[in-house]
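Please look at the sequence and the structure first.

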Amino acid sequence: MITSIVHVVGARPNLVKAAPVIAAAADLDQVVVHTGQHYDERMSEVFFRDLGLPEPDVNLGVGSGGHAEQTAALLVGLEREFLARSPELVVVYGDVNSTMAAALVAAKIGIPVAHVEAGLRSFDMTMPEEVNRRLTDQLSDLCFVTSPEAVGHLANEGVPVDRVHFVGNPMIDTLLANMDAFDTGKARAAHGLPDRYVLATMHRPANVDRPETAAALVGHLHGVADLADLVIPVHPRGRATLMAAGLDDHPRVHVLDPLGYIEFIAAVRGAAAVLTDSGGLQEETTILGVPCLTVRPNTERPITVTHGTNRLVTFEEVVPAARKALAAAPASGGRTPPLWDGKSGARIADVIRHWKRAA
Ligand code: UD1
C-alpha cells in the first residue's frame, strides 16, 4: 500500500493543530495515525468530534507509561505502520512523546519528516517537551514555524534555512474557525458558573507530579478562589496529587473533568483571567484577549508575552497577579502575532504540495 502523507497524532493538543492541516490537504492521499498516547474519551474522541477530524485510520493504542516504556512502544508501533504504508512524508505536530518518536522512526527508515510548530524553545531541558522539540527539529526535512523567533532558534542549531517555512499558527486556525461555536453562556449554565470566574489548568510534571509542590500550588489556587470563583478542568495527570492536596476543599473551587475543545474554549472566552501551565492556552488567550498568568519560570512562546496577554508568574506571584488581573479593565486585546490569521493550514498544505512536486 502506498500512502502519500501520514499525519501522526497522539495527544490532545496535536489534534487541534492537525485539524486545519488535514482539511487543507484534503486533495492529497493522506492517512491519520493515532498513537493512542491519549485515550480517554474526554482526552481524544471528543476532540475528533468537535474538530470534525476524520476518524484515525489506525489507533496504535500505545497508552501511558514512563518515558522509556511509552517511547519504546511508540517506536515499535510507528515503525510497523510506516513500513507497511511507505508514505512520502510523515507530518508530526507539537512536542509530545508521539511527535519525537514518529520523527525518529521515520528518519531512521528514510522517510522525510515535516514538523508543525518547529523551532519553539524554552531553553529548559528539564521539560520533556524541550527534548522532544530539539530532537524532532534536527530530524525534520520541513520545519513549519509559528513564530518569527523560532526561525533564529533553528538557524542557531544548524538547521538549513531552506527547510524552514514561517507559516503562522494552525492552532489559531482552529480557534478562528470555531469562534461562533464558543458559547460562554452555555458553558456557564452547564457547570453552574457565576458571571465572573478565573479558569485554571495545571498539568506540567514540574507543577503537579510531586505531592509537596502540588500542595503548595493548591494553597495558591485557594488564594485565588478567595478573590473569585475558580474553575479547573483537571487533566488526569494532576488529578491524584491535586485532589489529595485538597483542591476541592474550598467552596468557590469548581473541579471539572477534562472538557471537549468547544466547551473548554467557551469557558476560557468567558473567564476574567486564566491561570495555566499549558503551552497552547498561552496562544489561545492571546487571540481571545483574556489575561493569562502562566505558572512557569519560562515559556517557549514569548510572542504571547510581547504581543498578547500572557505573563509568567512564580507560585508566590499567583494571588497578587490574579488580584491585579481581576481589578483591571477587560483586556482590550494586544497585537495579533504575524500570520496568526487562520490561513496556516493552507500555507502548510501549499508548501507540502510544492515539496512533493520538487521531490
Ligand atoms: C502530554 C505531553 C504534554 C502535553 C500534554 C497535553 C509528553 C511528554 N507530554 O502530557 O507535552 O502538554 O500531553 O495534554 O508527551 N492519562 C489518562 N488518560 C489519557 C491520557 C493520560 O488518564 O487519556 C494519564 C495517565 O495517568 C498518564 C498521565 O495522564 O500516565 C500522563 O499522560 P502522558 O501522555 O504521559 O503525558 P501528559 O501529562 O498527558
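## Helix packing and loop residues

Helix α12 (residues 261–269) is largely enclosed by the rest of the structure, because seven of its nine residues are buried. Buried means under 20% relative accessible area, with exposed over 50% and partly exposed in between (1.4 Å probe, protein chains only). The buried residues of α12 are Y261, I262, F264, I265, A266, A267 and V268. Helices (H or I, at least four residues) and strands (E, at least two) are DSSP runs, numbered from the N terminus.

The model is predicted: local features need pLDDT of at least 70, side-chain atom pairs count only at pLDDT 80 or more, and totals for chains, interfaces and linings use all residues. Residues are numbered from 1 along each chain as its sequence is written, and side-chain values use heavy atoms, with hydrogens and water left out.

Two packed helices are described by the angle between their axes and the distance between the axes. Axes are lines fitted to C-alpha atoms, for helices over the stretch in contact, and angles run from 0 to 180 degrees between N-to-C directions.

| Helix pair | Axes come within | Crossing angle |
|---|---|---|
| α8 (residues 184–191) and α12 | 8 Å | roughly 100° |
| α10 (residues 211–225) and α15 (residues 318–327) | 9 Å | roughly 25° |

α10 is therefore roughly parallel to α15. α8 and α12 are roughly perpendicular to each other. Angles under 35 degrees count as roughly parallel, over 145 as roughly antiparallel, 65 to 115 as roughly perpendicular and the rest as oblique.

Which residues of α8 and α12 meet? T184, A187, A190 and H191 in α8 meet E263, A266, A267 and R269 in α12. By class, this contact has four nonpolar, two polar and two charged residues. Ala, Val, Leu, Ile, Met, Phe, Trp, Tyr, Cys and Pro count as nonpolar, Asp, Glu, Lys and Arg as charged, and the others, Gly among them, as polar. Contact means heavy atoms within 4.5 Å.

In the other pair, H220, G223 and V224 of α10 meet V318, V319 and A322 of α15. That contact divides into four nonpolar, two polar and no charged residues.

G270 lies in the loop between α12 and β11 (273–276). G270 is buried, at 14% relative accessible area. Leaving aside neighbours within four places in sequence, G270 contacts T184, R188, D195 and Y197.

S122 sits in the loop between β5 (113–118) and α5 (128–138). S122 counts as buried, at 7% relative accessibility.
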